[in-house]
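Colleague: Hi! Could you walk me through this model? I'm new to this, so please keep it simple.

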Amino acid sequence: MKNNLKLIRNFLPYMVFVLIAPLTAQDKSQPKTMVSFEKVQLADEYTTEGASIGDIDGDSHMDIVAGTRWWKGPDFKISYAYGPVKDFAIPGYATNFFSFPGDFDGDEWTDVLLVGLPGTDSKWVKNPGKWPLPVSNWTNESVPKYMKAQDDVGHESPNFVNIIGDYKQLLSFSGGKIVLGIPGSEDDVPWKTLAISPHDLDRFPVFSHGLGTGDVNMDGFIDVLEKRGWWEQPKDWDEKIPWVFHEYLFSPDQGGAQMFAYDVDGDGDNDVVTAMNGHGYGLSWHEQVISKEGCIDFKEHQIMTDNPADNLYGVSFSQLHAMDIADVDNDGIPDIITGKCYYAHDGRDPGAEHPAVLYWFKTFRNDDGTVEFIPYLIDDDSGVGRRISTGDLNSNGKTDIVVGNKKGVFVFFQK
């Protein structure tokens with residue numbers, strides 16, 4: 001009897017969760033969708049906080065990169081190493097946060113940019129697919145030469161994206177500024193950084209949340225989004241003067257994940273989508289409106305809060321620490337992909353013990369101009385890390401999803 005009582009006490013939190021879980025408290029049934037996914041777990045070890053997609057070996061098939069390993073597409077059954085393969089303990093944090101594919105030396109082979117814990121220096125490795133090394137054959141003598149990239153990469157949602165020019169830059173915080181890291185023209189030379197903001201250590205600390213890009217004012221130039229507002233790219237930027245800041249509090253909390261500007265409601269201007277708190281609750285889209293003074297302003301529309309009753313479909317989950325947008329159902333309108341970051345603070349965040357869910361939210365435009373985001377559960381035992389990657393991995397014309405976190409590395413093939 002005592003053993004039975006002990007067993008019940010051990011499982012009581014989970015039993016209670018099943019009864020009150022917001023995922024089952026749906027107020028409105030989701031319309032049926034033809035979208036479905038097949039889940040494949042590539043690794044069950046904790047190796048990274050963000051997996052990426054790129055053609056690593058130059059065979060025209062997309063591969064998956066996570067930590068210091070990459071999986072060869074299109075079947076992803078074989079993996080290779082381009083650095084010492086290390087599994088990290090939980091609680092704790094991987095030193096591999098992000099792996100961004102790109103050609104940094106101009107030889108038309110894909111290299112990999114490695115970004116570690118916020119505040120550390122990034123590095124890149126040449127052509128890991130040109131001479132692939134099986135994981136089982138990895139030795140210390142196999143270590144390739146890592147090249148210097150951007151020093152002091154801050155923020156928990158940096159991104160490698162084309163903002164200026166015809167090439168990608170690393171968007172991050174560094175040295176108390178928002179900066180663009182410019183790949184160098186020579187190997188093993190630190191990347192140049194261009195500051196788009198004034199210096200302010202309190203405002204742009206190492207550990208930060210909420211950062212992204214999009215053409216807010218529709219002038220053809222990509223602007224930078226952060227939780228306190230947006231930075232307008234000058235038309236003729238001299239790479240020295242700070243960009244013009246437009247204040248608007250997208251997130252009153254600590255900020256969430258990657259941020260995006262796109263035309264949510266189809267009225268011809270770009271709105272902003274953001275998570276409210278990467279370690280708490282909240283997901284909103286901010287409708288672009290024009291103020292009485294004739295300036296760009298925004299109006300918040302909540303998609304999800306900490307209360308399931310605030311969502312039309314009764315859905316609520318915490319720790320939205322990674323997000324992406326993609327046209328999941330091929331209707332021509334971008335949708336939101338996000339989920340719960342499993343143990344983002346090693347169990348100290350609200351809702352940490354709830355299932356590690358992954359969702360896509362369909363952007364549905366009503367005839368009256370309003371918008372609904374219809375949530376569809378993809379999986380309840382994977383979640384997200386600090387980055388979600390999307391793309392067509394099997395050339396069937398549909399969006400697939402890749403995540404890496406403390407539960408492992410996962411790919412979700414859309415059927």
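Colleague: How many bridges join strand S15 to strand S16, and do they run parallel or antiparallel?

Modeller: Four bridges join S15 (residues 211-214) to S16 (residues 223-226), and the two strands run antiparallel. Strands here are DSSP runs of type E with at least two residues, numbered from the N terminus. Two strands pair if DSSP finds at least two bridges between them. This is a predicted model, where local features need pLDDT of at least 70 and side-chain atom pairs count only at pLDDT 80 or more, while totals for chains, interfaces and linings use all residues. Residues are numbered from 1 along each chain as its sequence is written, and side-chain values use heavy atoms, with hydrogens and water left out.

Colleague: Thanks! Which residue in S16 is the bridge partner of Leu211?

Modeller: That is Glu226.

Colleague: What is the strand order in the open sheet of eight strands?

Modeller: The order is S18-S17-S16-S15-S19-S20-S21-S22, with mixed pairing. S18 (244-247) and S22 (296-304) stand at the edges with a single partner strand each, so one side of each has no neighbour in the sheet.

Colleague: New topic: which residues touch the most other members of the largest nonpolar core?

Modeller: Phe361, Phe373 and Ile401 do, in a core of 40 residues. A nonpolar core is a set of buried Ala, Val, Leu, Ile, Met, Phe, Trp, Tyr and Cys residues joined through side-chain atoms within 4.5 Å. Strand S26 gives the largest share of this core, five residues. There is also a second, separate core of 15 residues, and Leu211 is one of its members.

Colleague: Where does Ser382 lie?

Modeller: Ser382 is in the loop between strand S26 (371-379) and strand S27 (388-391).

Colleague: And why does Ser382 count as buried or exposed?

Modeller: Ser382 counts as buried because its relative accessibility is 0%. Buried means under 20% relative accessible area, exposed over 50%, and partly exposed in between (1.4 Å probe, protein chains only).

Colleague: Which side chain makes a polar contact with the side chain of Ser382?

Modeller: The side chain of Asp379 does, at 2.7 Å. A polar contact is a pair of N or O atoms within 3.5 Å; within protein, one must be able to donate a hydrogen and the other to accept it, and residues adjacent in sequence count only if both atoms are side-chain atoms.

Colleague: What about Asp379, is that buried or exposed?

Modeller: Asp379 is buried too, with a relative accessible area of 12%. Its side chain also makes a polar contact with the side chain of Lys39, at 3.1 Å.
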